[in-house]
Amino acid sequence: VSLRGSAAIVGVGEIPPIRSGEGLTALGLAAQATRLALDDAGLRIQEVDGLLVSASTTEPVFVWGGLVAEYLGVAPHYVDVVDLGGASAAGMIWRAAAAIRAGMCHTVLCITADVWDREKFYADFLPMMSLEAEFELPYGPMGVNTGYALIARRHMHLYGTTPEQLAKVAVDQRTNACLHPEAMFNQLPISIEDVLRSPMVVDPLHLLEIVRPCSGAGVVIVTSAARAADRPKPPVYLLGAGEYSDHTSIVNSPEITVSPIRESARLAFSMSGLRPSDMDLVSLYDCYTITVIMSLEDAGFCAKGEGGPFVSSTDLTFAGSLPCNTHGGQLSWGQPGLAGGMSHITEAVRQLRWDCGARQVREARHALVNGNGGTMSDECTLVLGRDR
Amino acid sequence: MQRCGQCHRLVFYPRELCPYCSASDLTWEKLSGRGRVYSFTIVRKPSIPSFRSLAPYVYAIIELSEGVRLASNVINCLPEEVAIDMPVRPVFAKAPSSRTVLLFEPDPAPTKKPLLASG
């Protein structure tokens with residue numbers, strides 16, 4: 001039994017990045033994005049019988065899934081909280097497909113919504129990671145930033161990856177963002193020099209290589225391939241999925257320059273019967289520039305250690321040979337907390353619907369999506385396709 | 001540090017069960033404390049208020065000579081002097097939280113006058 005082609009995304013809804021969290025709740029943003037997703041799918045809430053929701057950094061509520069279901073008026077046959085950090089959104093898609101395939105439900109709302117509150121994040125949310133609080137916080141890490149800086153530093157040491165190569169990722173994604181009306185940073189293109197001249201925050205990562213947290217929400221609706229056929233928008237099929245984790249804290253990773261994507265992407269490609277060269281675009285979780293380089297290596301788009309030269313010599317814009325994060329990525333589009341990972345799915349869906357206007361990848365048929373949680377800890381890779 | 005009585009691997013952080021073979025007979029033993037910098041970063045704008053007066057400081061993963069890795073700070077040298085594979089040795093110090101923590105300094109000690117300890 002494979003999930004290949006068994007389910008499809010038939011609706012997407014998004015509340016684009018909002019700079020402040022003032023006066024917002026994750027519950028309220030979730031509801032607004034759900035309304036948009038239902039309209040997009042041409043469905044009524046009564047036609048939904050499953051609900052998955054990601055955690056929120058500011059509303060850690062007991063029985064959060066049930067509360068969201070009640071708030072929205074969903075009476076679910078399947079409800080759960082998917083708590084994989086930035087991989088939560090991708091993790092929801094195959095869980096929804098698996099539940100549908102198993103006959104537990106037929107139409108699942110996959111909801112991510114979060115509100116950025118800097119004070120709450122550092123004072124309340126991060127210390128909830130109890131082991132890190134005991135064994136790492138006494139040494140003064142800078143939130144999640146330090147973990148990725150440690151990866152980048154060792155990647156540079158082992159493979160000669162340069163600051164210019166890392167910066168290229170941010171530059172190409174900004175070019176993409178400039179064609180996205182809802183991206184947070186869509187006014188001015190940037191150059192490699194601009195990235196390297198931005199303040200050094202955690203060596204070797206500069207400010208323009210680090211996501212800007214914000215508030216927002218993204219919702220997609222997954223239903224069976226049979227039910228997907230008569231929806232108003234072209235269905236986008238789940239062709240492959242794989243998930244893997246081998247550590248939580250980067251300190252406990254077997255080798256910090258090799259991520260679990262190596263395994264999650266292998267599984268996703270294997271289920272789909274497709275290869276990296278079959279992908280028309282990639283939508284890779286990009287909390288930092290190094291994340292994209294590691295993802296490309298570990299998913300098999302280039303050899304281990306060659307990610308730096310690869311991104312330097314490859315046009316990653318929507319018009320290039322390997323379009324990557326055509327919405328700008330979270331680096332330029334914004335990172336709405338634990339909802340950020342959904343932006344990589346909504347963008348891939350719009351690309352495969354040929355609905356992206358000026359930044360459309362021509363005749364895009366296959367997309368690779370990667371969700372990355374923690375410090376390259378929880379990885380979920382999806383292959384999505386326009387055809388079944 | 002803990003060592004597993006069944007598979008004999010070192011276990012860090014301390015646990016009830018060995019994460020490699022699930023055995024429960026973990027015993028404590030003393031290590032050399034020496035190791036090398038596995039990777040590091042320089043924190044310039046700490047997010048934890050009590051660390052702000054210490055910046056810039058080195059946050060690092062140390063690989064002990066016995067093969068186990070842990071998070072720590074490298075002190076008693078300029079942040080710019082730290083490099084991957086640099087040999088380090090242990091020093092104990094009070095953290096801003098007033099807990100005693102295990103930090104590391106270059107091994108052998110730098111010839112320059114020691115700087116203010118971070119952590």
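This is a predicted model: local features need pLDDT of at least 70, side-chain atom pairs count only at pLDDT 80 or more; totals for chains, interfaces and linings use all residues.
Visitor: How many residues does the contact take from chain A, and how many from chain B?
Guide: Contact here means heavy atoms within 4.5 Å. On that basis the two sides contribute 29 residues from chain A and 30 residues from chain B.

Visitor: About how much area do chain A and chain B bury between them?
Guide: The size of an interface is often given as the accessible area lost when the parts come together. Carbon and sulfur atoms account for 60% of the area lost here. The amount buried between chain A and chain B is about 2,700 Å².

Visitor: Which three residues supply more than any other three of the area that chain A buries against chain B?
Guide: Together they supply 26% of the area that chain A buries against chain B. The three are A:Tyr139, A:Leu150 and A:Val251.

Visitor: How many residue pairs are in polar contact between chain A and chain B?
Guide: Both residues of a counted pair have pLDDT 80 or more. With that condition, the count between chain A and chain B is 14 residue pairs.

Visitor: Which element gives the largest share of the side of chain A that touches chain B?
Guide: Helix 5 (130-135), helix 6 (145-159) and strand 5 (200-202) of chain A each give two or more residues to that side. The largest share is six residues. Its source is helix 6 of chain A.

Visitor: How do the residues of the side of chain A that touches chain B divide into nonpolar, polar and charged?
Guide: Tyr and Pro count as nonpolar and Gly as polar. The division is 17 nonpolar, six polar and six charged.

Visitor: Why is the pair of A:Trp116 and A:Phe121 classed as it is?
Guide: The count over all chains is six aromatic pairs. In this one the ring centres of A:Trp116 and A:Phe121 are 5.3 Å apart. A:Trp116, at 17% relative accessible area, is buried, and A:Phe121, at 13%, is buried as well.

Visitor: Are B:Phe51 and B:Tyr57 buried or exposed?
Guide: Their ring centres lie 5.5 Å apart with planes at 40 degrees, a tilted pair. Buried requires under 20% relative accessible area. B:Phe51 has 3% and B:Tyr57 has 2%, so B:Phe51 is buried and B:Tyr57 is buried.

Visitor: Where is B:Pro56 found?
Guide: The peptide bond from B:Ala55 to B:Pro56 is cis, with omega near -5 degrees. Most peptide bonds are trans. B:Pro56 is found in the loop between strand 4 (35-43) and strand 5 (57-64) of chain B.

Visitor: Where does B:Pro108 lie?
Guide: A cis peptide bond, with omega about 5 degrees, joins B:Asp107 to B:Pro108. B:Pro108 lies in the segment after strand 8 (100-106) of chain B.

Visitor: Is A:Val63 buried or exposed?
Guide: A:Val63 is not a glycine, yet its phi is positive, near 45 degrees. A:Val63 sits in the loop between strand 2 (50-54) and helix 2 (64-72) of chain A. The cut-off is over 50%; A:Val63 has 56% relative accessibility, so A:Val63 counts as exposed.

Key: Residues are numbered from 1 along each chain as its sequence is written. Chains are lettered from A and ligands numbered from 1 in the order in which they are written. Side-chain values use heavy atoms; hydrogens and water are left out. Buried area is the accessible area (1.4 Å probe) that two parts lose on being put together, summed over both. A polar contact is a pair of N or O atoms within 3.5 Å; within protein, one must be able to donate a hydrogen and the other to accept it, and residues adjacent in sequence count only if both atoms are side-chain atoms. Helices (H or I, at least four residues) and strands (E, at least two) are DSSP runs, numbered from the N terminus. Rings of Phe, Tyr and Trp (its six-membered ring) pair if their centres lie within 6.5 Å; planes under 30 degrees apart count as stacked, over 60 as edge-to-face and the rest as tilted. Buried means under 20% relative accessible area, exposed over 50%, partly exposed in between (1.4 Å probe, protein chains only).
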